[in-house]
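Please read each point alongside the coordinates.

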Amino acid sequence: MAETISQDRAALINSLELLDARLRWLSSWTIHNANHIRPKLDGLKVGGHQASCASMTAIMAALYFHALRAQDKVAVKPHAGPVLHAIHYLLGQQSLDQLQRFRGLGGVQSYPSRTKDSIAVDFSTGSVGLGVALTAFSSLVQDYLIAHGQVREEDAGRMIALMGDAELDEGNIYECLIEGYKHNLRNCWWIVDYNRQSLDATTADRMFDRFDDIFETCGWRVITLKYGKLQREAFQRPGGKTLEEWIDSCPNADFAALTYQGGSAWRTRLMADIGGKTHVKKLLDSFDDTALASLMTNLGGHCVESLVDAFDSANDDKPTLFIAYTVKGYGLPLAGHKDNHSGMMNPPQMEQFRASLGIAEGQEWEPWGGLGNNAATQLKAFVEASPFARKPGEPKAEAVPVPVRLPVPDGAEQSTQGAFGRVLLDLAKSGEPLADRIVTTAPDVTQTTNLGAFVNQRGLFRRQELADVFHKAKIPSAQKWAQHAAGQHIELGIAENNFFIMLAALGLAAPHFGTRLLPVGTVYDPFIARGLDALNYGCYQDARFLLVGTPSGVTLAAEGGAHQSINTPLIGMGQPNLTYFEPAYADELTAMMRWSFEHMQQPDGSSVYLRLTTRSIPQIARDDDDWEADALKGGYWLRRPAEGAEAAIVFTGVVVPEALAAWEQLAEDIPGIGLLNVTSPDLLHRGWSARRAARWADGAGGQCHAERLLSALAPGAGLVTVLDGSPAALSWLGGVTGMRVSPLGIDRFGQTGNLFDLYRIYRLDAEAIIDAAAELFLEN
């Protein structure tokens, strides 16, 4: 039996070593083809990272074809994207055409992308460090679904990140680490390609021993793979201990330079430093220069046997950090060179590399090139028998039914933030299936963004139940936040980056786990900018969530410029895969929330951003629901203009009382003046842009919604635009049909003060709107 196990292990290691070489070749050749063979129409460098791929091939061979299970998911280091595509190419899941068009239109993307690549990609990567953090939050989402009976415990997968050591400089890694510790993270592996070289520098030597401490403090197991099998065997020989001590103390920069210089340089340096010590010269003399170079670079991250043992040793749910020491550019002529990050092999070097692998000229794209027929057949069978090869496609989640209408909160005066909280509370109390799939989260602003009532009703999520000490002690509190496995609110710390990555993870529950969640996240509107990279990252991979930014603008008067938002409407307009609304009234908000819950589930849907306020304003009586359809398209006439009117006031959101007051005064002097409520500058602008683009694609098409609205005015009419945000969010409307515009809004940092003082100073009040209208006609 032992002999059989030994033979099986030897066959496994041999297969993985062959795959290591195949992946190194195919990733290098893919990049080489794009830069040196494929015609360059623009004359620009295509790019790619041969060195960063080469340092990862053994790790990815051992992971994908040994350790990875069908339910596991992986975020691949961005610069190792070609290795991922090479893996799928060997499996017959990636086409030759796609590889040949690497970084070209319609081909393999520069970095793994869920939405742009043709192969199955678990997590998009490219924004450094965010793919790493997303795996931790995806593991938390998996725990949430297990606790809610949507995923079986026995089906739990590991969420795995392959990362470069330079990513450990990213602050979001440590924000995530702390949050994971608070939530008792499990089923998460982070595997570090510890090649100690980044784009500009070599990793600081003093960090050698720090990562262990940092991660172990946060409850992680740390497994360090520093030495390969050849090195460990050499250390057991006479003189080996001295060699080991020298390697341990060798500065990173020196190790990299010696790697690039090769065997003779290694010998010269070692003899100079330790050659006089007992048995060292004899040990070194037993290796020729080529063998000595191989020995000195036989680090743990390039030794598949060491990798297999390490992965097998972590067969539980404890979060684990693998620090795999590697050489950047391993096996390539640019190994170790400080400029190898974006460097590439030139054609002669590539030719030499091809010949060294026994790949015949013209057979460069042959998946099993350079192998004999028997070896190729056996390796292909090994690959096809791996659990990863049998990984099913992403599941299809059933739609969550959304009620035909959501009840509008009562109240003669309301804020949109207050109405938002009451809509969620009504849902929480209802028996609607929608309510059970809503999961809320916030970066330590749950109460102040009006999520508290929902949490009181539905509870905080925690795998292990925790009593509310204040409630138990009968101390009065508005918060009755029981923490238990059935809870539907995930409490987060103040780091907005974590908040957006959590939303992204929740918003990917449908494709990742086959069950749909409808995440609702609230954040102070100005602090959207703090997590903007993570927001963009979530939208890029088409995660679906409802983002609520509140309170917003200088309307948050007494809080001052540090808490008042200016450019968030422009973020909402400019961010792909995010639809932005800014309601003025509670009934608008209710319609938008209902629309959002449906839109988030549509194949061509997106995430949604609602910009809300704490200012209570008088609500208006509606004669009918005719306004609603236009409001959900981006705008409607609150006061319809007379046919051919010469002017209109155009507003968004909370400044509606000022806009109405100005309209009432101006109506005496400008007969038929209109009052346009732009509920979504984003949808209006998007429709206008699409209308213009259609001229060059599918034909002119019909009018966009902005054109239809403004067609009620006379040609060349004047518009006064006003919102509590950047005036650029509305001033573009003048270009739709060639109208004059006088834009009002916020274009500088605010200050503290009462609402009316700030509206007067920043020209958002009725008097400013009247002045702007007069200015239009005086100029005319």
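1. A nonpolar core is taken here as a set of buried Ala, Val, Leu, Ile, Met, Phe, Trp, Tyr and Cys residues joined through side-chain atoms within 4.5 Å. The model under review is predicted. Its largest nonpolar core has 147 residues. Trp-190, Leu-547, Phe-597, Leu-610 and Leu-733 are those with the most contacts inside this core. The element that gives the most to the core is helix α6 (residues 130-147), with eleven residues. A second, separate core comprises 68 residues, including Trp-25, Tyr-64, Leu-68 and Val-308.

2. Residues up to four places away in sequence being left out, Leu-610 touches Leu-546, Leu-547, Val-548 and Gly-549, together with Phe-581, Leu-589, Met-592 and Met-593. One of these partners, Leu-547, is itself listed among the residues with the most contacts inside the largest core.

3. The next point concerns a pair of helices. The axes of helix α3 (residues 57-67) and helix α4 (residues 81-90) come within 11 Å and cross at roughly 40°. Because of that angle, α3 is classed as oblique to α4. The crossing of the two helices is right-handed. On the α3 side, the contact is made by Thr-57, Met-60, Tyr-64 and Phe-65, and on the α4 side by Val-83, Leu-84 and Ile-87. Tyr-64 of α3, which takes part in this contact, is also included in the second core.

4. Which residues of helix α11 (residues 252-261) are buried? They are Asn-252, Phe-255, Ala-256, Leu-258 and Thr-259. These residues cover an arc of only 165° around the axis, and therefore lie on the same side of α11. Just after α11, Gly-262 adopts a positive phi of about 100°.

5. The last point is Pro-618, located in strand β15 (residues 617-618). Is Pro-618 buried, partly exposed or exposed? Its relative accessibility is 48%, so Pro-618 counts as partly exposed, given that exposed requires over 50% and buried under 20%. Pro-618 and Ala-412 are 206 residues apart in sequence, yet their C-alpha atoms are 5.8 Å apart in space. Setting aside neighbours within four places in sequence, Pro-618 is in contact with Ala-412, Glu-413 and Tyr-585.

Notes:
Residues numbered from 1 in each chain as written. Predicted model: local features only at pLDDT ≥ 70, side-chain atom pairs only at ≥ 80, totals over all residues. Heavy atoms only, no water. Buried < 20%, exposed > 50% of the residue type's maximum accessible area, 1.4 Å probe, protein only. Helix = DSSP H or I, 4+ residues; strand = E, 2+ residues; numbered from the N terminus. Contact = heavy atoms within 4.5 Å. Arc of directions from axis to C-beta. Axes fitted to C-alpha atoms, helices over the stretch in contact; angles between N-to-C directions. Parallel < 35°, antiparallel > 145°, perpendicular 65-115°, else oblique. Left-handed = near helix turned anticlockwise from the far one by under 90°.
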